[in-house]
Amino acid sequence: NKQASTQAAADFRWRGTDVTRLEGFTDSVLGFAITLLVVSLDVPNTFDELLRALRGFVPFGLCFAYLVFLWYQHYLYFRRYGLNTTFVLWCNTALLFVILMYVYPLKFLANYLLDGLIGLGAPGPDGSGLTPPLVAEDQLHILMIVYGLGFVAVRGMFLILYLYAYRQRGNLELTALERFDTLTTIGGNAINVAVGCLSIGIAAWGGAGAASLAGWTYLLLFPLLTAPAMAA
(Lines give C-alpha, C1' and ligand atoms only; values in the text may rest on other atoms or scores of the structure.)
Protein backbone atom coordinates (compact mmCIF):
# COMPACT_ATOMS: atom_id res chain seq x y z
CA ASN A 1 0.00 0.00 0.00
CA LYS A 2 0.94 3.69 -0.07
CA GLN A 3 2.21 3.70 3.52
CA ALA A 4 4.38 0.66 2.84
CA SER A 5 5.85 2.28 -0.28
CA THR A 6 6.72 5.48 1.60
CA GLN A 7 8.22 3.49 4.47
CA ALA A 8 10.27 1.39 2.06
CA ALA A 9 11.78 4.45 0.42
CA ALA A 10 12.70 5.88 3.81
CA ASP A 11 14.12 2.64 5.27
CA PHE A 12 16.02 1.40 2.21
CA ARG A 13 19.49 0.49 3.43
CA TRP A 14 22.28 1.96 1.34
CA ARG A 15 24.68 -0.76 0.29
CA GLY A 16 26.79 1.49 -1.92
CA THR A 17 28.55 3.97 0.34
CA ASP A 18 31.53 4.98 -1.80
CA VAL A 19 31.50 6.57 -5.24
CA THR A 20 32.94 3.98 -7.62
CA ARG A 21 34.90 4.59 -10.82
CA LEU A 22 31.79 3.48 -12.73
CA GLU A 23 29.70 6.20 -11.08
CA GLY A 24 32.43 8.77 -11.65
CA PHE A 25 32.56 7.84 -15.33
CA THR A 26 28.77 8.07 -15.51
CA ASP A 27 28.80 11.54 -13.97
CA SER A 28 31.35 12.66 -16.57
CA VAL A 29 29.30 11.31 -19.46
CA LEU A 30 26.09 12.89 -18.17
CA GLY A 31 27.97 16.16 -17.74
CA PHE A 32 29.03 15.91 -21.38
CA ALA A 33 25.41 15.17 -22.37
CA ILE A 34 24.31 18.36 -20.60
CA THR A 35 27.05 20.25 -22.44
CA LEU A 36 25.50 19.10 -25.73
CA LEU A 37 22.29 20.82 -24.63
CA VAL A 38 23.93 24.21 -24.07
CA VAL A 39 21.94 26.98 -25.73
CA SER A 40 24.96 28.66 -27.32
CA LEU A 41 28.69 28.72 -26.80
CA ASP A 42 28.99 32.27 -28.13
CA VAL A 43 27.89 35.54 -26.54
CA PRO A 44 25.09 37.10 -28.68
CA ASN A 45 26.27 40.00 -30.83
CA THR A 46 22.84 41.22 -31.94
CA PHE A 47 19.41 41.45 -30.40
CA ASP A 48 18.11 38.80 -32.79
CA GLU A 49 20.86 36.45 -31.62
CA LEU A 50 19.90 37.22 -28.02
CA LEU A 51 16.29 36.32 -28.77
CA ARG A 52 17.41 33.04 -30.31
CA ALA A 53 19.42 32.29 -27.18
CA LEU A 54 16.52 33.19 -24.88
CA ARG A 55 14.22 30.94 -26.90
CA GLY A 56 16.57 28.07 -26.17
CA PHE A 57 16.58 28.47 -22.39
CA VAL A 58 13.17 26.89 -21.77
CA PRO A 59 13.76 23.71 -23.83
CA PHE A 60 17.27 23.57 -22.38
CA GLY A 61 15.78 23.74 -18.88
CA LEU A 62 13.30 20.96 -19.64
CA CYS A 63 15.99 18.70 -21.10
CA PHE A 64 18.37 19.56 -18.26
CA ALA A 65 15.72 18.66 -15.67
CA TYR A 66 15.11 15.30 -17.37
CA LEU A 67 18.81 14.45 -17.42
CA VAL A 68 19.09 15.38 -13.75
CA PHE A 69 16.14 13.09 -13.06
CA LEU A 70 17.93 10.25 -14.86
CA TRP A 71 21.10 11.00 -12.87
CA TYR A 72 19.11 10.83 -9.62
CA GLN A 73 17.59 7.48 -10.61
CA HIS A 74 21.08 6.20 -11.37
CA TYR A 75 22.37 7.59 -8.06
CA LEU A 76 19.60 5.86 -6.06
CA TYR A 77 20.25 2.55 -7.79
CA PHE A 78 23.94 2.44 -6.90
CA ARG A 79 23.39 3.77 -3.39
CA ARG A 80 20.66 1.25 -2.62
CA TYR A 81 22.12 -1.88 -4.18
CA GLY A 82 25.85 -1.21 -4.50
CA LEU A 83 26.08 -3.62 -7.44
CA ASN A 84 29.28 -3.45 -9.49
CA THR A 85 29.19 -6.73 -11.39
CA THR A 86 30.16 -7.20 -15.02
CA PHE A 87 26.49 -7.32 -15.98
CA VAL A 88 25.83 -3.96 -14.33
CA LEU A 89 28.93 -2.53 -16.04
CA TRP A 90 27.66 -3.47 -19.50
CA CYS A 91 24.11 -2.29 -18.75
CA ASN A 92 25.43 1.01 -17.45
CA THR A 93 27.59 1.42 -20.57
CA ALA A 94 24.58 0.76 -22.80
CA LEU A 95 22.53 3.25 -20.77
CA LEU A 96 25.13 5.99 -21.24
CA PHE A 97 25.38 5.28 -24.96
CA VAL A 98 21.61 5.56 -25.33
CA ILE A 99 21.47 8.80 -23.33
CA LEU A 100 24.12 10.41 -25.53
CA MET A 101 22.21 9.36 -28.66
CA TYR A 102 18.95 10.54 -27.08
CA VAL A 103 20.12 14.08 -26.27
CA TYR A 104 19.71 15.64 -29.72
CA PRO A 105 16.23 14.19 -30.48
CA LEU A 106 15.16 15.27 -26.99
CA LYS A 107 16.41 18.84 -27.49
CA PHE A 108 15.05 19.04 -31.04
CA LEU A 109 11.58 17.92 -29.95
CA ALA A 110 11.60 20.31 -26.97
CA ASN A 111 12.47 23.23 -29.27
CA TYR A 112 9.84 22.19 -31.79
CA LEU A 113 7.10 21.92 -29.17
CA LEU A 114 8.03 25.25 -27.61
CA ASP A 115 7.85 26.96 -30.99
CA GLY A 116 4.46 25.39 -31.62
CA LEU A 117 3.06 26.35 -28.22
CA ILE A 118 4.12 29.97 -27.94
CA GLY A 119 5.07 30.83 -31.50
CA LEU A 120 8.63 31.96 -30.90
CA GLY A 121 9.53 30.72 -34.32
CA ALA A 122 6.96 32.86 -36.12
CA PRO A 123 8.55 35.42 -38.48
CA GLY A 124 8.22 39.10 -37.65
CA PRO A 125 6.77 41.79 -39.92
CA ASP A 126 10.13 42.32 -41.59
CA GLY A 127 10.72 38.61 -41.98
CA SER A 128 13.54 38.60 -39.44
CA GLY A 129 11.86 36.44 -36.84
CA LEU A 130 13.36 33.41 -35.20
CA THR A 131 13.72 30.30 -37.30
CA PRO A 132 11.84 27.29 -35.86
CA PRO A 133 13.15 23.73 -36.13
CA LEU A 134 12.39 22.55 -39.65
CA VAL A 135 10.16 19.47 -39.75
CA ALA A 136 7.93 18.66 -42.69
CA GLU A 137 4.46 17.40 -41.92
CA ASP A 138 5.32 13.98 -43.32
CA GLN A 139 8.38 13.80 -41.05
CA LEU A 140 6.66 14.38 -37.71
CA HIS A 141 5.80 10.73 -37.17
CA ILE A 142 9.45 9.80 -37.85
CA LEU A 143 10.51 12.33 -35.22
CA MET A 144 8.12 10.71 -32.74
CA ILE A 145 9.50 7.27 -33.59
CA VAL A 146 13.09 8.44 -33.04
CA TYR A 147 12.15 10.10 -29.76
CA GLY A 148 10.15 7.05 -28.68
CA LEU A 149 13.00 4.66 -29.40
CA GLY A 150 15.31 6.73 -27.21
CA PHE A 151 12.70 6.97 -24.46
CA VAL A 152 12.04 3.23 -24.47
CA ALA A 153 15.76 2.41 -24.56
CA VAL A 154 16.54 4.61 -21.53
CA ARG A 155 13.64 3.36 -19.43
CA GLY A 156 14.27 -0.18 -20.65
CA MET A 157 17.86 -0.11 -19.39
CA PHE A 158 16.65 1.02 -15.97
CA LEU A 159 14.07 -1.76 -16.06
CA ILE A 160 16.79 -4.33 -16.76
CA LEU A 161 18.99 -2.95 -13.97
CA TYR A 162 16.18 -3.13 -11.41
CA LEU A 163 15.15 -6.59 -12.54
CA TYR A 164 18.74 -7.67 -12.00
CA ALA A 165 18.77 -6.10 -8.54
CA TYR A 166 15.58 -7.94 -7.63
CA ARG A 167 17.08 -11.18 -8.89
CA GLN A 168 19.97 -10.57 -6.50
CA ARG A 169 17.59 -9.93 -3.58
CA GLY A 170 18.88 -12.93 -1.67
CA ASN A 171 22.53 -11.96 -1.96
CA LEU A 172 21.67 -8.35 -1.15
CA GLU A 173 19.51 -9.46 1.80
CA LEU A 174 16.68 -7.15 0.81
CA THR A 175 14.00 -6.75 3.44
CA ALA A 176 10.31 -7.14 2.62
CA LEU A 177 9.92 -3.37 2.34
CA GLU A 178 12.99 -3.09 0.12
CA ARG A 179 11.66 -5.82 -2.15
CA PHE A 180 8.34 -4.03 -2.33
CA ASP A 181 9.99 -0.75 -3.28
CA THR A 182 12.14 -2.53 -5.89
CA LEU A 183 9.08 -4.17 -7.44
CA THR A 184 7.28 -0.82 -7.45
CA THR A 185 10.17 0.75 -9.35
CA ILE A 186 10.20 -2.18 -11.79
CA GLY A 187 6.49 -1.64 -12.41
CA GLY A 188 6.99 2.07 -13.03
CA ASN A 189 9.74 1.47 -15.56
CA ALA A 190 7.67 -1.23 -17.27
CA ILE A 191 4.78 1.24 -17.63
CA ASN A 192 7.15 3.80 -19.17
CA VAL A 193 8.42 1.21 -21.65
CA ALA A 194 4.89 0.09 -22.53
CA VAL A 195 3.63 3.63 -23.16
CA GLY A 196 6.72 4.42 -25.21
CA CYS A 197 6.17 1.31 -27.34
CA LEU A 198 2.51 2.26 -27.80
CA SER A 199 3.53 5.71 -29.02
CA ILE A 200 6.07 4.22 -31.43
CA GLY A 201 3.44 1.81 -32.75
CA ILE A 202 0.92 4.61 -33.31
CA ALA A 203 3.48 6.73 -35.16
CA ALA A 204 4.79 3.80 -37.23
CA TRP A 205 1.45 2.41 -38.35
CA GLY A 206 -0.53 5.63 -38.34
CA GLY A 207 1.93 7.59 -40.44
CA ALA A 208 2.07 11.37 -40.64
CA GLY A 209 -1.55 11.77 -39.57
CA ALA A 210 -0.90 10.02 -36.25
CA ALA A 211 2.13 12.07 -35.12
CA SER A 212 0.12 14.23 -32.72
CA LEU A 213 -1.67 11.22 -31.23
CA ALA A 214 1.69 9.53 -30.72
CA GLY A 215 2.83 12.55 -28.73
CA TRP A 216 -0.31 12.82 -26.63
CA THR A 217 0.06 9.13 -25.77
CA TYR A 218 2.76 10.02 -23.23
CA LEU A 219 0.11 11.75 -21.11
CA LEU A 220 -1.05 8.25 -20.19
CA LEU A 221 1.98 8.07 -17.90
CA PHE A 222 0.41 10.42 -15.38
CA PRO A 223 -2.71 8.35 -14.56
CA LEU A 224 -0.94 5.01 -14.99
CA LEU A 225 1.90 5.93 -12.62
CA THR A 226 -0.23 7.75 -10.04
CA ALA A 227 -3.37 5.59 -10.02
CA PRO A 228 -1.84 2.66 -8.05
CA ALA A 229 -0.58 5.00 -5.33
CA MET A 230 -3.92 6.81 -5.09
CA ALA A 231 -5.85 3.54 -4.96
CA ALA A 232 -3.66 2.11 -2.22
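Let's start with a helix pair: α5 (residues 140–167) and α7 (residues 176–206) pack at an angle of about 160°, their axes 8 Å apart. This is a predicted model, where local features need pLDDT of at least 70 and side-chain atom pairs count only at pLDDT 80 or more, while totals for chains, interfaces and linings use all residues. Residues are numbered from 1 along each chain as its sequence is written, and side-chain values use heavy atoms, with hydrogens and water left out.

**Overall make-up**
- The protein has nine helices and zero strands (DSSP runs numbered from the N terminus: H or I of at least four residues for helices, E of at least two for strands).
- Of the 232 residues, 41% are buried (under 20% relative accessible area; exposed is over 50% and partly exposed is in between, with a 1.4 Å probe and protein chains only).

**The α5 and α7 pair**
- The two helices α5 and α7 are therefore roughly antiparallel to each other (an angle over 145 degrees; under 35 is roughly parallel, 65 to 115 roughly perpendicular and the rest oblique).
- Angles run from 0 to 180 degrees between N-to-C directions, and axes are lines fitted to C-alpha atoms, for helices over the stretch in contact.
- The crossing of α5 past α7 is left-handed, so the near helix is turned anticlockwise from the far one by less than a right angle (clockwise would be right-handed).

**Salt bridges**
- Searching the whole structure turns up three salt bridges (a side-chain nitrogen of Lys or Arg within 4 Å of a carboxyl oxygen of Asp or Glu).
- One of them joins the side chains of Arg15 and Glu178 at 2.7 Å, N to O. Arg15 sits in the loop between α1 (2–11) and α2 (21–36) and Glu178 in helix α7, so the pair ties together parts 163 residues apart in sequence.
- Arg15 counts as buried at 17% relative accessibility, and Glu178 counts as buried at 2%.
- Glu23 and Arg79 also meet through their side chains, at 2.8 Å, N to O.
- Arg80 pairs with Asp181, their closest N and O atoms being 2.6 Å apart. Here Arg80 is in helix α3 and Asp181 in helix α7, 101 residues apart.
- Arg80 is buried at 8% relative accessibility, and Asp181 is buried at 6%.
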